[in-house]
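Trainee: Please take me through this structure slowly, and set each term against its definition before you draw a conclusion.

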Amino acid sequence: MDRDDFASRVVAAEPTLYRISKSILKNDSDCADAVQEAIASAYGKLSSLREPDYFKTWLCRILIHECYRLYRANRNTVSLEEYAFPETAPPQSRDPGLYAAIMALREELRLVIVLHYVEGFQVTEISQMLKIPAGTVKSRLSRARAALRSALEKKEVPAHDA
């Protein structure tokens with residue numbers, strides 16, 4: 001794979017990379033950093049890509065590793081926005097929609113939902129990316145769907161005065 005082919009594939013995968021990083025990190029600047037580092041790392045490791053047809057899966061796997069690295073590095077850090085303006089920090093408190101419900105899920109459930117339903121990866125591809133059994137991916141998808149269903153049903157129930 002030459003540099004131009006790499007660049008065109010990265011550009012095509014950019015929205016996917018952002019959504020995956022957002023499902024792990026939540027902070028836009030951290031997401032941008034993770035995507036940039038993953039792309040740089042992938043370019044450096046391009047010779048290790050065995051099958052060019054799986055470029056996107058391979059790149060997503062590199063991104064997931066980078067996101068977890070950033071997450072571990074920043075887990076004890078509170079952003080200035082969260083500290084100074086706590087009412088604006090959590091988007092799920094302002095957004096009653098599906099996005100807020102997804103972002104409120106535990107990370108392991110949120111990631112498989114985004115990979116499967118938003119990005120369209122198959123269970124086997126997610127299994128390879130996350131290095132977990134396909135059965136675990138299926139059970140996480142099932143738990144995530146149940147949690148989303150419950151969260152969305154609670155939001156639809158009108159308040160009664162009784």
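Trainee: What does the accessible surface of the protein chain come to, and what share belongs to carbon and sulfur atoms?

Mentor: The accessible surface comes to about 10,000 Å², and 53% of that area belongs to carbon and sulfur atoms. Such areas come from the Shrake-Rupley method with a 1.4 Å probe, and for residues only the protein chains shown count as cover. This is a predicted model, in which local features need pLDDT of at least 70 and side-chain atom pairs count only at pLDDT 80 or more, while totals for chains, interfaces and linings use all residues. Residues are numbered from 1 along each chain as its sequence is written, and side-chain values use heavy atoms, with hydrogens and water left out.

Trainee: What is the mean pLDDT of the protein chain, and which of its elements have the lowest and the highest mean?

Mentor: Among the elements, helix H2 (residues 28–44) has the highest mean, 92, whereas helix H4 (residues 80–84) has the lowest, 48. Over residues 80–95 the pLDDT is below 50, although this stretch has nine contacts in the model beyond near neighbours in sequence, a contact being heavy atoms within 4.5 Å. Where pLDDT is low, the predicted coordinates should not be read in detail.

Trainee: How many helices and strands make up the secondary structure?

Mentor: There are eight helices and zero strands, where helices are DSSP runs (H or I) of at least four residues and strands are runs (E) of at least two, numbered from the N terminus.

Trainee: Why is Thr57 called buried?

Mentor: Buried means under 20% relative accessible area, exposed means over 50%, and partly exposed lies in between (1.4 Å probe, protein chains only). Thr57 has a relative accessible area of 10%, so it counts as buried. This residue belongs to helix H3 (residues 55–74), and apart from neighbours within four places in sequence it is in contact with Phe121, Glu125 and Met129. Across the chain, 37% of the 162 residues count as buried.

Trainee: Which residues of the largest nonpolar core touch the most other members?

Mentor: A nonpolar core is a set of buried Ala, Val, Leu, Ile, Met, Phe, Trp, Tyr and Cys residues joined through side-chain atoms within 4.5 Å. Of the 43 residues in the largest one, Leu17, Ile20, Phe55, Leu63, Leu115 and Leu130 touch the most other members. Helices H1, H2, H3, H5, H6, H7 and H8 each supply at least two residues of this core, and H3 gives the most, with nine. Leu17 is in contact with Val35, Ile39, Leu59, Cys60 and Leu63, leaving aside its neighbours within four places in sequence.

Trainee: Why is Lys131 called exposed?

Mentor: Lys131 has a relative accessible area of 62%, and therefore it falls in the exposed class. This lysine sits in the loop between H7 and H8, and its phi is near 55°, a positive value in a residue other than glycine.

Trainee: What makes Lys22 and Asp28 a salt bridge?

Mentor: A salt bridge is a side-chain nitrogen of Lys or Arg within 4 Å of a carboxyl oxygen of Asp or Glu. The closest N and O atoms of Lys22 and Asp28 are 2.8 Å apart, and the pair forms a salt bridge. Lys22, at 14%, is buried, while Asp28, at 44%, is partly exposed.

Trainee: Which other pairs form salt bridges, and where do Arg140 and Glu108 lie?

Mentor: The search of the whole structure finds six salt bridges, including the one between Asp5 and Arg9, with closest N and O atoms 3.4 Å apart. Asp5 and Arg9 are four residues apart in helix H1, which means that about one helical turn separates them. Another pair is Arg140 and Glu108, whose side chains meet at 3.8 Å, N to O. Arg140 lies in helix H8 and Glu108 in helix H6, so the pair ties together parts that are 32 residues apart in sequence. Arg140, at 17% relative accessibility, counts as buried, whereas Glu108, at 29%, is partly exposed. Arg106, Glu108 and Arg140 are linked in a network of salt bridges.

Note on methods. pLDDT is the predictor's confidence in each residue, from 0 to 100.
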